[in-house]
Amino acid sequence: MKLWNVKRWRASRDHSRIKIYIHSDRLIAHKAIRETERAIRSQMFKDQVDVCLVEKYHLSRQYTPARLLEAYTGSLIDELEEEGELSANLFRKAEKTFLEPFVLELKVEENCIAQVKMEKLKHKLEHIFSERFDMPLGIVLGWLPKKKSKYAVYADSAMKEEIAQIVQTYEQAKEDQKEVEKQEVQQKEKPAFKKNYVKQRLPEDKDIFYGRNFEGEETEIHEIIDEMGEVVVRGKIIQLETREIRNEKTIVMFAVTDFTDTIKAKVFTKNERLPELLDKLKEGAFIKMKAVAMMDQFEHDIALGSVSGIKTIPDFTEKRMDHSPVKRVELHCHTTMSDMDGVTDVKKLLKTAMGWGHQAMAITDHGVVQAFPDANHCVEGKDFKVIYGMEGYLVDDIKNIVTDSRGQSLDSTFVVFDIETTGFSAVNDRIIEIGAVKVENGMITEKFSEFVNPERPIPFEIEKLTSINDRMVEDAPNISVILPKFMDFCGGSVLVAHNADFDTGFIRHNCEVLGLPYDYTYVDTLGIARSFLEGLKNYKLDTVVEAMGCTLANHHRAVDDAGATADVFVRFLERFKKKNIRDLDELNTYSAMSVDAIKKLKTYHIILLAKNEIGRINLYRLVSLSHLDYYARRPRIPKSVLAKYREGLIIGSACEAGELFRAVVDERPEEEIARIVEFYDYLEIQPTGNNEFMIRDPKMTKVSTVADLQELNRKIVELGEKFNKPVCATCDVHFLNPEDEVYRRIIMSNKGFGDADLQPPLYLRTTEEMLEEFQYLGAEKAEEVVVTNTNRIADMIDRISPVRPDKCPPVIENSAGILRDICYNRAHELYGEDLPDIVTERLERELNSIIGNGFAVMYIIAQKLVWKSVADGYLVGSRGSVGSSFVAYMAGITEVNSLQAHYLCPKCHYVDFDSDYVKSFSGRSGCDMEDRVCPVCGTAERG
């Protein structure tokens with residue numbers, strides 16, 4: 001799709017700058033303009049010519065100044081940021097009110113800087129609207145009273161103290177200067193003499209362990225980006241290695257971090273002093289050092305060399321503690337078992353929570369429970385509750401094909417329809433086209449097709465998708481005219497649509513706004529396709545149309561989509577009749593999806609917490625089923641399966657990737673949100689920093705500020721109040737401390753995330769930090785969601801162990817008796833009725849240990865497998881520790897007799913353990929003994 005036309009271009013005399021004048025009838029984001037300039041500059045001029053695109057827009061009548069400002073605010077902010085953050089922030093924070101259609105009032109807090117900047121901003125905005133859009137906009141400046149922050153009094157006091165200190169210093173300097181001048185006069189009066197200068201030595205420092213004492217202003221490591229000469233840095237040693245070099249010297253190489261960045265350093269020492277140096281210079285130690293920042297020829301990077309001094313210093317990192325009298329409980333925590341996501345060991349997390357005085361913590365890794373054993377060992381014998389849980393991947397497979405069915409016949413009248421809209425929200429977006437087809441007795445009889453004026457500009461992304469632009473709808477009637485016509489067309493029919501919840505949601509909402517009755521049964525062809533068409537790569541309309549042998553000419557145009565959907569539905573009706581499906585109630589019985597269809601559903605995050613032993617078992621069942629039966633890129637949990645094994649589980653709505661949060665962001669209809677909320681036991685909100693990526697995402701048009709994120713959390717809190725569901729504030733912990741984000745940054749970068757360097761603050765927060773975070777809800781509500789409700793959920797959960805304390809072997813009736821009988825029968829068969837003491841003693845010792853520890857059943861299972869294999873003609877070779885078990889030999893599990901070397905007569909059962917020759921093979925294999933004749937019966941016997 002063509003975005004603009006080039007009208008003309010102009011170059012400077014020296015050809016160092018080119019201006020390209022473009023015209024467009026669609027808004028183009030400022031970032032797209034700048035990216036195009038860079039592409040032209042690099043691809044056509046090899047970055048040697050400055051390229052500037054000069055925009056001119058001819059927009060449709062849908063754009064009023066107010067609508068244009070709403071759509072173009074992001075680009076205006078981007079453009080202002082190029083001139084400076086101050087102007088951009090003033091515009092961003094300004095209250096914007098249209099006093100008249102072409103008069104905009106901007107109000108900001110009054111101060112001397114704002115007064116100057118706002119005048120310039122006013123002229124710039126007026127110029128942009130006039131020259132770029134041919135839209136004369138007058139801007140009026142207004143001033144808001146200056147708000148005094150809660151720190152204002154302290155800041156004023158601090159300022160006064162600082163001024164007083166400056167004045168005092170200045171007065172003292174004047175006095176000092178007078179004294180100096182007085183001494184100089186006195187010196188001139190004295191006879192000249194030769195001055196001896198003595199270099200002042202710094203006092204000794206007991207913490208110095210390498211080099212000499214030093215002083216100087218500290219430099220943060222992230223500021224060391226080039227060869228800077230001498231610097232003083234402090235930090236923690238995180239890596240150290242030594243390498244011996246010539247002349248009995250050793251080079252010690254170590255990496256030091258101050259948690260702003262990390263840098264390598266090298267020192268040289270004699271071998272005899274190395275132990276003394278490494279006693280202080282070791283991993284985990286905190287040091288301060290003076291060295292030269294230089295390019296290291298071996299590392300090919302800036303490093304610290306020519307070290308003049310190193311000394312030990314105390315740990316300067318802030319040890320966060322939870323000082324709240326009543327602590328919160330973290331209900332959403334990831335460990336290193338959340339593959340390529342969490343970066344903290346579970347034991348470290350639990351020890352921190354216990355050290356803070358917390359009473360419980362939930363472990364909720366992505367799709368797995370592998371951290372449970374370590375968590376259990378960590379808290380053994382301690383008064384701390386581990387809540388065993390998981391963040392699963394939920395898919396909604398319980399949606400019926402037919403909604404609000406009244407048992408209508410398949411020969412009823414159906415209206416198959418489709419709509420095109422300006423976005424996905426039935427509340428805030430608008431319908432731009434309605435297309436419908438009426439089906440009676442399996443035949444298409446009528447059509448309906450109308451454009452709708454949305455009374456707002458159509459977003460470019462929607463125009464690309466539907467090919468509907470502003471000029472196509474600007475002369476069309478609005479929804480108040482078109483919708484009554486469409487509802488008359490529908491009459492008492494059954495509605496049919498592909499992904500019907502979306503289409504009917506818009507129709508229902510607009511009927512409510514206009515006061516029109518809405519009471520319709522509707523059928524979803526998406527649900528039909530998932531239940532009756534297995535093996536498709538997806539269930540989009542064009543895929544289903546092709547699978548059913550129909551045609552779709554102009555996808556994403558309402559009338560064409562409706563016609564294609566009608567063709568598909570008519571063919572489905574023929575299939576239904578062959579299956580003796582006579583009405584919509586019977587059709588609904590086929591709503592269950594196949595495993596293949598479930599694997600193609602969209603996944604949402606969900607928190608599952610094991611409430612008791614039954615919950616633990618059901619959680620493990622869900623883990624197994626999600627990996628074995630429903631795995632597709634991630635382990636999926638169908639809602640139908642979760643409902644079956646829900647007993648003993650507490651279910652939370654999870655993070656921004658949860659079903660509820662997505663529905664709130666997408667402004668889904670109230671009925672759908674109510675259905676979602678009812679499914680959960682508690683709702684979850686998280687710090688706004690966790691979701692700030694949504695502000696940067698151009699697709700998230702409904703979220704542009706932190707205030708928008710706070711409003712989303714408020715809506716979830718309101719839902720909790722409305723449906724009597726506890727709302728819990730969680731951190732969604734992925735690392736322990738704020739500075740640990742660097743480790744996750746590396747992982748996210750390796751996974752290809754473009755915003756890996758903009759890590760959200762997914763660290764474990766104290767109660768005070770969380771209360772401060774949610775103050776915008778009010779102090780009382782913040783305490784409720786942070787402290788009261790999280791403890792309420794924790795109190796509902798029993799103290800359980802992730803595994804049973806007993807061994808839980810399989811059960812075979814009388815396995816101990818069977819094993820004993822098999823062993824003694826075989827022993828008598830080999831050694832005769834009177835067993836040698838050594839045989840009896842060995843059998844009893846092993847049998848008592850095996851049976852006493854509950855392993856008899858394992859031997860019987862092995863015995864049955866080996867005997868079956870041998871009977872089928874397959875030899876079984878023993879290996880490992882089984883060869884040392886005499887019981888295993890007697891049971892026929894192994895062919896290795898583990899008794900000491902001896903002779904055994906196969907006929908008279910004469911046995912020789914004690915002759916001098918036999919004893920000479922002590923500790924060796926009896927098969928190496930020479931064959932001989934039995935001294936009793938003359939039968940050949942072998943060792």
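User: Before I start, what counts as buried here?
Analyst: Buried means under 20% relative accessible area. The model is a predicted one.

User: OK, so Val368: buried or exposed?
Analyst: Val368 has a relative accessible area of 15%, so it is buried.

User: Where does Val368 sit in the chain?
Analyst: Val368 is in the loop that runs between strand 13 (360–366) and helix 8 (372–379).

User: And what is Val368 in contact with?
Analyst: Setting aside neighbours within four places in sequence, Val368 contacts Met337, Met390 and His627.

User: How far apart are Val368 and Gly389?
Analyst: C-alpha to C-alpha, Val368 and Gly389 are 9.0 Å apart in space, and they are 21 residues apart in sequence.

User: Zooming out. How many helices and strands are in the chain?
Analyst: The chain has 31 helices and 29 strands. With 943 residues, the globule rule gives 30 Å, but the radius of gyration is 40 Å, so the chain is more spread out than a compact globule.

User: What box do the C-alpha atoms fill?
Analyst: Along the principal axes, the C-alpha atoms take up a box of roughly 125 × 125 × 60 Å.

User: What share of the residues count as buried?
Analyst: The buried share is 46% of the 943 residues. The accessible surface of the chain is about 50,700 Å², and carbon and sulfur atoms account for 50% of that.

User: What about contacts between residues at least 24 apart?
Analyst: If you take contacts between residues at least 6 apart in sequence, 70% of them join residues at least 24 apart.

User: And the charges, how far apart are their mean positions?
Analyst: There are 127 positive and 155 negative charges, and their mean positions are 3 Å apart.

User: What does Leu642 touch?
Analyst: Not counting residues up to four places away in sequence, Leu642 touches Leu394, Ile606, Leu608, Leu622, Ile637, Leu649, Ile651 and Phe679.

User: Next, helix 13. How many of its residues are buried?
Analyst: Eight of the eight residues in helix 13 (residues 525–532) are buried, so this helix is largely enclosed by the rest of the structure. Arg530 is one of the buried residues, as are Thr525 and Ser531.

User: What covers the buried residues of helix 13?
Analyst: The cover includes strand 19, strand 20 (522–524), helix 14 (541–547), helix 15, helix 16 (584–588) and helix 17 (595–598).

User: Where is Asn499?
Analyst: Asn499 lies in the loop between strand 19 (494–497) and helix 12 (500–514). Its relative accessibility is 36%, so Asn499 counts as partly exposed.

User: And Arg633, buried or exposed?
Analyst: Arg633 is exposed, at 74% relative accessibility. Arg633 is in the loop between helix 18 (613–628) and strand 22 (636–638).

How values were computed: Residues numbered from 1 in each chain as written. Predicted model: local features only at pLDDT ≥ 70, side-chain atom pairs only at ≥ 80, totals over all residues. Heavy atoms only, no water. Helix = DSSP H or I, 4+ residues; strand = E, 2+ residues; numbered from the N terminus. Rg over C-alpha atoms; globule rule 2.2 N^0.38 Å. Buried < 20%, exposed > 50% of the residue type's maximum accessible area, 1.4 Å probe, protein only. Contact = heavy atoms within 4.5 Å. Areas by Shrake-Rupley, 256 points an atom, 1.4 Å probe, with all protein chains shown as cover. Lys, Arg positive; Asp, Glu negative; His and termini not counted. Charge placed at Lys NZ, Arg CZ, Asp CG, Glu CD.
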